[in-house]
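The following paragraphs lead through the structure shown here, moving from the architecture of one chain to an interface and then to a single residue.

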Amino acid sequence: MAIFSVYVVNKAGGLIYQLDHYAPRSDTEKTFSFPLDLVLRPHDERVVVAFGQRDGIRVGHAVLAINGAEVNGRFTADGKDILEFLGNPANYPVSIRFGRHRLSSNEKLMLASMFHSLFAIGSQLSPEVGSSGIEMLETDTFKLHCFQTLTGIKFMVLADPRQTGIDALLRKIYEIYSDYALKNPFYSLEMPIRCELFDQNLKLALEVAEKAGPFGPGS
Amino acid sequence: MSHSPGRKQENHKISRELFVLTYGALVAQLCKDYEKDEDVNTCLDRMGYSIGIRLIDDFLAHSAVKKCRSYSETADMIAQIAFKMYLGVTPSVSCRSAAGNEFSLILDKNPLVEFVEELPAERASLCYCNLLCGVIRGALEMVHLAAEVTFLQDRLKGDAVTEIGITFLRKPEDRKHKRN
């Protein structure tokens, strides 16, 4: 059972806190000889697999590391262009690690703002007045739970679909926020949260919630 | 002062005297810093405001109250739950206007002024507990309720009771269109 991440969004829709607690890594590292049987192409700032899915390497996976050294966008650690490097038979055999790329902090900011807008639309669409807004977004691989306080702060938790007790966890995160972020006199409201105590207590709360297992606390 | 994960009220008592003394020292220092009573009152109100904007989330997180549907529910909540939680007293609430947006909280016991009998002659218009007005104003603003909060009567100034007046500034119908 896992809690994947926690997001805290302020009233204006800006992301003020983000924690990746557990990321199921599905990286695959393989050694290749020339010529490469996968088709790679550049996409945004990365090099992704376009064709030739096999052995755990799927279309859309990005090149994460070459010969053990993590890549830097479209360039290797030494600064060479990846596609050029892999086009040269002299560089083979080469060991490449593929996997789903992690979201950059800018991408997370954009996604948080988008969710904030969707949340607002959801509340407006409600046939009854006084809707709580989106409380849960369910997919086959995760559930996104959201709790908006009366003051407009949103707490979002992405967790395994079988994980229970997330409502209690959201309330607990609200308590931790009101204690360690708000009572810190050097923390300005609506700004990114950079409080050590908040981090520590949040991680503790996540561990307690995970240990409780799929049947709730006491299982 | 660290909190254990399962925070219970009884583990974290600070002495009430220390709190009252701290507040008294604060007001005394402000009186030394500012000559005019209005300045001291404004300063206390501003300080209270910055406390209120943070205290509201603590109140909501620990009391698990639901959204209030009317101004009178809000005033009741302030008096019966918030005052009880933070100061240990329960003022009585009365509605002051026919429109239903002006309320009074009548405090018969105010812990902040336990050791003060009356204001000195040169500070006749000082609102000693103006911090409380700022706290209420700040807290209400964070839940999107603009309000004016002032002391209408003050035992320290010779009135019979201490009365805090809360005037909500926006019509209830406007709230429906606000983002939930």
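Domain bounds, as used below, come from an automatic or database domain assignment. The model itself is predicted. For chain A, the assignment gives domain 1, made up of residues 3-23 + 104-211, and domain 2, covering residues 27-99. Taken over C-alpha atoms, the centres of domain 1 and domain 2 of chain A are separated by 35 Å.

The secondary structure of chain A comprises 4 helices and 11 strands. Of the 219 residues in chain A, 45% are buried. When contacts in chain A between residues at least 6 apart in sequence are considered, 55% of them join residues at least 24 apart.

Attention now turns to the interface with chain B. Here 27 residues of chain A are in contact with 20 residues of chain B. The area buried between the two chains is about 2100 Å², and carbon and sulfur atoms give 54% of this area. Across the interface of chain A and chain B, 6 residue pairs are found in polar contact, both residues of each pair being at pLDDT 80 or more. The side of chain A that touches chain B receives at least two residues from each of α3 (166-181) and α4 (196-211) of chain A. The largest share of that side, 8 residues, is supplied by α3(A). By residue class, the side of chain A that touches chain B contains 11 nonpolar, 11 polar and 5 charged residues.

The rule also finds 1 salt bridge across the interface of chain A and chain B. This salt bridge pairs A:Lys183 with B:Asp58, and the closest N and O atoms are 2.5 Å apart.

B:Thr167 is located in strand β4 of chain B, which runs over residues 162-168. Is B:Thr167 buried or exposed? B:Thr167 counts as buried because its relative accessibility is 18%, and the cut-off for a buried residue is under 20%. Leaving aside residues up to four places away in sequence, B:Thr167 touches B:Arg96, B:Asn101 and B:Glu102, and also B:Ala146, B:Ala147 and B:Glu148.

Definitions and conventions
Residues numbered from 1 in each chain as written. Chains lettered and ligands numbered in written order. Predicted model: local features only at pLDDT ≥ 70, side-chain atom pairs only at ≥ 80, totals over all residues. Heavy atoms only, no water. Contact = heavy atoms within 4.5 Å. Buried area = accessible area lost by both parts, 1.4 Å probe. Salt bridge = Lys/Arg side-chain N within 4 Å of Asp/Glu carboxyl O. Polar contact = N/O pair within 3.5 Å; in protein donor to acceptor, adjacent residues only side chain to side chain. Nonpolar A, V, L, I, M, F, W, Y, C, P; charged D, E, K, R; others polar. Buried < 20%, exposed > 50% of the residue type's maximum accessible area, 1.4 Å probe, protein only.
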